[in-house]
Amino acid sequence: MQQFSKLSFLMRKVAILLAFVGVSGFSFANEEKEFNVSEMIMHHIKDAHEWHLFGPEHGGTSIYLPIILLDNGLKTFSSNHFYHGEAVEVKSNEQGTSLHYVKGVGPAAGYAMYHEEIYKLNAQGELHFEGEHPHNSQPLDFSITKNVMSLLMGAFLVLIVMFSVAKFYRKNGAVAPKGLAKFFEPIIVMVRDDIAKANIDEHKYEKYVPYLLTIFFFIWFNNMLGLIPFLPGGANLTGNITVTLFLAVCTLIVTLFSGNKNYWGHIFWMPGVSVPMKFFMMPIEIISIFTKPFALMIRLFANITAGHIIVLALISIIFVNKNMAWAGLSVPMALFISILEVLVAFLQGFLFAMLSALFIGAAVEEAHH
Amino acid sequence: MDLILPDLGLLFWTGIVFCLLLFLLAKFAWKPILNAVNAREQKISEALELAVKTQAEMKALKAENDQILKEARAERDNILKEAKEAANTMIEDAKTKSKVESQKIVEAARLNINSEKAAAIAEIKTHVATLAVEIAEKVVRGELASDEKQKALAEKLAGDIQMN
C-alpha cells in the first residue's frame, strides 16, 4: 500500500515535471531560447514570491504570495504586482548580456524585483547595476515566500498528525496503540531511546526529548514535503541555508545553556594535559563549539539541495536532448534517486537529532575519573 | 551566491514557526504521548515482574505441596507399618498364648490320661489278681479233686521243699 502510494506520487512527480518543463520548452522554442538546465534547477531550489502550479514559467498559473516589506512602515501587497509588473531589460556593461528585472506596479510602485530579491528604485526610477548585481538599497523583506508557506504547511502537518496521536492516548490511556499512533509510536520511542537516552546522561535526558522530537519530525516532514513535486510540496525548505542555520543555532543555544562546569572546564582548561597544552587547546575547543553546529547546518542543506538538483537534472536529460526516448533513461534514474531521497529524508532528520543529542550529551556529561 | 546566504525574512518566520511548534508540541503532544508510553511501559514491566513473582510463588507452593504430600505419604507408610507390626505382635501373642494354652491342655490331658491309665492298670491288676486267684482256685480245686491227687500234690510239694 505504502509502496504503491510512493510510486504513484513519483509517477505524478515525473508527469508534472514533464508537463511543466514541456510547456516551458514549447514557449522557449517560440522565443527561440535555449532550455537552460542550471537556470531551471536554480530557480527551483531557491525561494520565490509565488507558488508556481503549472503552465509556462512566465504566464503560467501561480499562487501569488503576499509581500510584506518593512520600509518606513509596514507595506503589504500581493506579489502579482511584481510578476505582472513592468518588465525591464538592461544591458550589463561588460559583456553586453541582457539582465531582466521587473518594476512593481500599483501598491508595489517604487520597488523592483530582480532574481526574487526586492530592491528600492533609485531617483531615476530604475535599478543601477554594477556587473550583474544591482546596487540599490533593499527594504526588509518579511514576505510570506514559497518557503515560508511550505514551512507553515509543514508545521501545520506535524501539529495535526501529532495532536491526533496525542488525542488517541488522551482518550484511551496507556493501552496498545492503534492507527496513526501505532505508526508513530515506534518512531517517537526511537527518538527517546536511541537518540536521547543513548547519548545523554540517563538522569538528564528527559528534559531534551521534546526538543529532539520536534527537531526530528520538523526536518523529516519538511524533507518529505520537499519530495512532492506539487502543492503542498515542492519547496526546497530544508535545503535552504536559512532554515538549517536556524535549526543549528537552536542546537547550539541548547548546548551552551546546558553546559555544566565539566563541559566548560574541558573547553577553557583541558584537564589532564600540561599547562602550555591547555593554552594551545583553548582556541581549538572554542572553535569546535561553533564548527559542530556549522557542520549540522551544511550537512542538512547540502544533502537536501543535492537531492533536488539530482532529480531535476535527471529529468532535464529529456529536454536537453529534445527527445522523448531519453525518458527511458532519465525516468528510471530519477525514480531511483527519488526513492533514495525518501530514505535520505528520514536519515537526515535522524542524523540532525542524533548529533544534537550527542552535543547536548557532551555538554551535560559529569566528570568521571 | 545567494543560495548560501541566509535570508532575514525566512529566518524570522522559521524562528517564530519553529518556536511555536516546539511549544505546542511539547505541551499538547509530546507530554501526553510520552506520559502514556511511559505509563504503559511501567504497567508492562510491573505485570512482567508480577508474573515472575507469581511463578516463583507457584513454584514455592508446589514445592510445599510436594513436601506435604511426601510427608503424608511417609506418615501413611509409617502408620501402615505400625499397624502391620501391631497386627504381627498381636498374632504372635495370640499364637504364643494359644500354644501355651494348648500345651496346658495337652499337659492336663496327659496327666488325666496317665491317671486314668494308672487307674485302669490298677483295675486290670486287681482284675487279673482276681482272675488269677479264681484260676488258681479252679486249678487247686482240680488238683485237689481226689485223694490221690491231694496226696501226689502233697508229696510233690514235700519233694520240692526237700529239694529246696
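Colleague: Which residue is the bridge partner of A:Val88 in β6(A)?
Modeller: This is a predicted model, in which local features need pLDDT of at least 70, side-chain atom pairs count only at pLDDT 80 or more, and totals for chains, interfaces and linings use all residues. Residues are numbered from 1 along each chain as its sequence is written, with chains lettered from A and ligands numbered from 1 in the order in which they are written. β5(A) pairs with β6 (residues 98-103) of chain A in the antiparallel sense over 6 bridges, where strands are DSSP runs (E, at least two residues) numbered from the N terminus and pairing requires at least two DSSP bridges. Within β6(A), the partner of A:Val88 is A:Tyr101.

Colleague: Which are the edge strands of the open sheet of chain A?
Modeller: The open sheet has 4 strands with antiparallel pairing, in the order β5-β6-β7-β8 (chain A). The strands that pair on one side only are β5 (86-91) and β8 (117-120) of chain A.

Colleague: Which element gives the most to the side of chain A that touches chain B?
Modeller: The contact (C-beta atoms, placed from the backbone, within 7 Å) takes 38 residues from chain A and 30 residues from chain B. Elements giving two or more residues to the chain A side include α5 (180-199) and α6 (209-227) of chain A. With 13 residues, the element that gives the most is α4(A).

Colleague: What is the radius of gyration of chain B?
Modeller: Chain B has 2 helices (DSSP runs of H or I, at least four residues) and 0 strands. Its radius of gyration, taken over C-alpha atoms, is well over the 15 Å that the globule rule (2.2 Å times the number of residues to the power 0.38) gives for 164 residues, so chain B is more spread out than a compact globule, at 65 Å.

Conventions. Two residues are in contact if their C-beta atoms, placed from the backbone, lie within 7 Å.
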